[in-house]
Each structure stands twice: as C-alpha cells, then as structure tokens.
Amino acid sequence: MELSSDRAVARLEMSQIQNEDGEPFNENSDGDYESLPPHVSVTTHMTAGAVAGVLEHTVMYPVDSVKTRMQSLQPDPNAQYKSVYEALKRIIKTEGIFRPLRGLNITMMGAGPAHALYFACYERVKHSLSHIIQSGGNSHIANGVAGSVATVLHDAIMNPAEVVKQRMQMYNSPYRGLWDCVRTVTHAEGVGAFYRSYSTQLTMNIPFQAVHFITYELMQEQLNPHRHYNPSSHIVSGAAAGAVSAAVTTPLDVCKTLLNTQENVALSSVNISGHLSGMANAFRTVYRLGGLAAFFKGVQARVIYQMPSTAIAWSVYEFFKYFLTKQKLEQEAASGQL
C-alpha cells in the first residue's frame with residue numbers, strides 16, 4: 001500500500017529495518033505490520049474483530065445450520081442426513097433456498113460486538129502476559145490464557161444469540177421469526193433460558209479457544225516467523241487452528257446444542273419433563289440417548305464449518321489490522337506536516 005507522505009514512508013521503512021530477532025527484513029516484504037505503530041489501538045482491534053466476526057459467521061452459515069440438525073439426538077425421519085452436501089441439497093429442495101440461512105440475522109447482530117471485544121481483549125491480555133512471561137516474546141501460555149479470557153466476554157454476548165439461532169435452525173422450528181422466538185422463549189421459559197447453556201458454552205469454548213490460539217500462533221511461528229502481513233500464512237494457520245479445536249471439542253458442542261434446543265422428542269424418550277439444564281445433566285442425557293458415538297454427532301459438519309470460518313476470521317482480522325494501522329500512520333504524517 002503506497003503512502004502519500006514521504007514522512008510516513010520514512011517511518012514505515014524505519015519500522016521494517018529489523019525483525020524481532022534483530023535480522024534485516026526483505027526490502028520487498030510488506031514489513032512487520034504489527035509494529036506500525038508499536039501498539040495498535042484498541043479501536044483498531046475492535047473494528048478489525050467486528051468485521052472478521054461478522055464475515056466468519058455469515059460466509060459458512062448454511063453449514064452451521066446443517067451441523068445443528070446433524071447434532072439432533074432424536075431427529076425427525078425427514079431430517080436424517082448422511083453428509084453435509086446431502087443435507088444442504090435436501091433442505092434447499094424441500095424447505096426452500098433461504099431455509100439454511102434462517103437465524104442469520106440474530107447471528108450477525110451478536111457477532112459484531114462479541115468479536116470486537118474478543119479480539120481487543122485477546123490482543124491486550126496477550127501483550128501484557130507476553131511481557132511478563134517471555135519479556136515481550138511469543139508465549140503459548142500467554143496465548144492460551146488470553147484466548148480463554150477473551151472467550152468469557154465473547155460468550156456473554158453470543159450465548160443468547162446462539163440459543164435463538166439454533167432454535168430457528170432446527171427442522172420444523174415453530175418460530176415465525178427472530179422476535180417471535182425471543183418472545184416465545186422469554187414467556188415460556190424465562191430470561192434464564194438464554195443463558196442455560198452458558199456454563200457449557202464456556203466449558204467448551206475456553207479449551208476450544210485455548211487450542212485455537214495456541215495452534216494459530218504455533219503455525220505462525222513456522223510459516224511466518226517475522227510476523228509480516230502474509231495472507232496465505234494467516235489462512236493456513238487459521239484453517240488448521242479451526243479444524244483441530246473444532247474436532248476435540250465436538251462432545252461439548254453436542255451437549256450445548258441439546259441445552260439450547262431442548263429437543264422435546266429426545267427428552268421425552270428418556271422421561272425428562274420440563275427443561276434440561278446443567279452440563280452434567282446434558283452429558284448424561286446424551287450418553288443415554290446414543291452412547292459414546294452421540295458425542296461426535298455432526299463432527300464432520302463442525303470441522304467443515306470451522307476450517308474456512310476461522311481462516312476467514314484471521315485473514316480478515318489481520319488484513320484490517322494492517323490496513324487500519326497504515327491508514328493511521330498516513331493521518332498522523334499528514335497532520336504533522338500542517
């Protein structure tokens with residue numbers, strides 16, 4: 001990206017003289033954008049995170065709809081699918097082309113602010129802990145802890161959106177739309193229904209995000225050790241991080257889906273009346289309904305969804321961080337000439 005100010009160019013060139021190891025950068029590279037300036041503003045992280053979050057959840061949303069249905073413990077005969085492709089094909093054919101997008105609106109409403117806080121918190125905590133643990137170097141402990149702390153804030157916003165989204169994604173969902181679902185759930189089950197799976201969500205997402213961030217940073221160390229802006233390394237690292245973390249946390253995701261959807265047919269078959277709550281109860285119910293195999297229902301769809309979604313999130317986030325940081329330097333250089 002060419003800057004209009006000679007002063008800005010000089011500042012960028014100075015920031016690219018050496019990498020973290022004190023070695024000269026390739027003059028043709030895009031430079032160590034994470035040091036332009038040394039500490040990227042919270043606003044930059046939040047803006048980049050919000051855009052990345054919305055795109056992450058929207059681009060692969062139809063696959064997420066399939067995953068929710070495939071995790072059903074007692075699916076309707078008309079909603080039993082052999083693969084992600086077969087499921088999407090049948091849903092579109094029998095329920096309409098827009099059916100796989102049902103619930104997308106509430107997801108977008110939650111994803112923006114949730115991911116803004118998520119990435120801003122992650123970067124701030126990672127930076128602080130890395131200075132304590134590794135004197136400013138990369139620390140896997142710092143990455144894991146930062147990801148876990150950021151998840152607590154992210155899930156506090158996204159959990160209600162997840163409840164509404166998954167209820168609207170289910171086969172034969174009784175809700176006419178977003179607000180009908182919110183009103184019906186609030187009236188029938190109370191406001192607490194939107195946070196019934198919060199503890200399970202955290203139990204799933206804290207290890208998910210810890211594995212996610214550690215894997216991403218580990219891949220970056222191998223593919224992009226100088227932390228240049230390198231789109232291909234961000235995509236590959238993000239995809240690998242998404243696949244690994246999605247696969248290992250699928251059992252917890254199945255339990256979360258059961259708590260969010262409160263499948264009446266499944267709960268009735270094991271003589272559970274009222275509403276199922278609590279992670280321990282969810283684990284027992286899943287096991288009673290399908291044994292160990294039930295904990296991995298929808299794992300294929302979950303991995304297929306997470307790989308591109310996480311790759312998109314990281315590549316978009318890193319791009320916007322790069323773009324907004326350079327834009328800020330342009331503005332600072334222009335105002336300095338006045």
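The model is a predicted one, and it holds 3 cavities of 30 Å³ or more. Rolling a probe the size of a water molecule over the atoms shows where empty space is left.

**The largest cavity**

- The largest cavity contains about 380 Å³ of space, and 26 residues line it, with Glu56, His57, Asn205, Phe208 and Gln306 lying nearest its centre.
- Several helices give two or more residues each to this lining, namely α2 (42-59), α3 (61-70), α5 (104-134), α6 (140-169), α8 (198-223), α10 (250-261) and α13 (299-337).
- Sorted by kind, the lining residues of the largest cavity comprise 8 nonpolar, 9 polar and 9 charged ones.

**Cys255**

- Cys255 sits in helix α10, and this residue counts as buried because its relative accessible area is 0%, where the cut-off is under 20%.
- Leaving aside residues up to four places away in sequence, Cys255 is in contact with Thr200, Ala282, Phe283, Val286 and Phe295.
- Although Cys255 and Met279 are 24 residues apart along the chain, their C-alpha atoms are separated by 7.1 Å.

**Arg196**

- Arg196 is found in the loop between α7 (178-189) and α8, and with a relative accessibility of 13% this residue is also classed as buried, because that value is under 20%.
- The side chain of Arg196 forms a polar contact with the side chain of Glu189, at 2.9 Å.
- Glu189 is also one of the residues that Arg196 touches when those up to four places away in sequence are not counted, the others being Arg167, Leu259, Gln262, His275, Leu276 and Ser277.

Terms used: Residues numbered from 1 in each chain as written. Predicted model: local features only at pLDDT ≥ 70, side-chain atom pairs only at ≥ 80, totals over all residues. Heavy atoms only, no water. 1 Å grid on protein atoms, 1.4 Å probe; cavity = no way out; pocket = protein on both sides within 12 Å on 5 of 7 lines; lining within 4 Å. Points joined across faces, edges and corners; volume = space filled by probe spheres on them. Helix = DSSP H or I, 4+ residues; strand = E, 2+ residues; numbered from the N terminus. Nonpolar A, V, L, I, M, F, W, Y, C, P; charged D, E, K, R; others polar. Buried < 20%, exposed > 50% of the residue type's maximum accessible area, 1.4 Å probe, protein only. Contact = heavy atoms within 4.5 Å. Polar contact = N/O pair within 3.5 Å; in protein donor to acceptor, adjacent residues only side chain to side chain.
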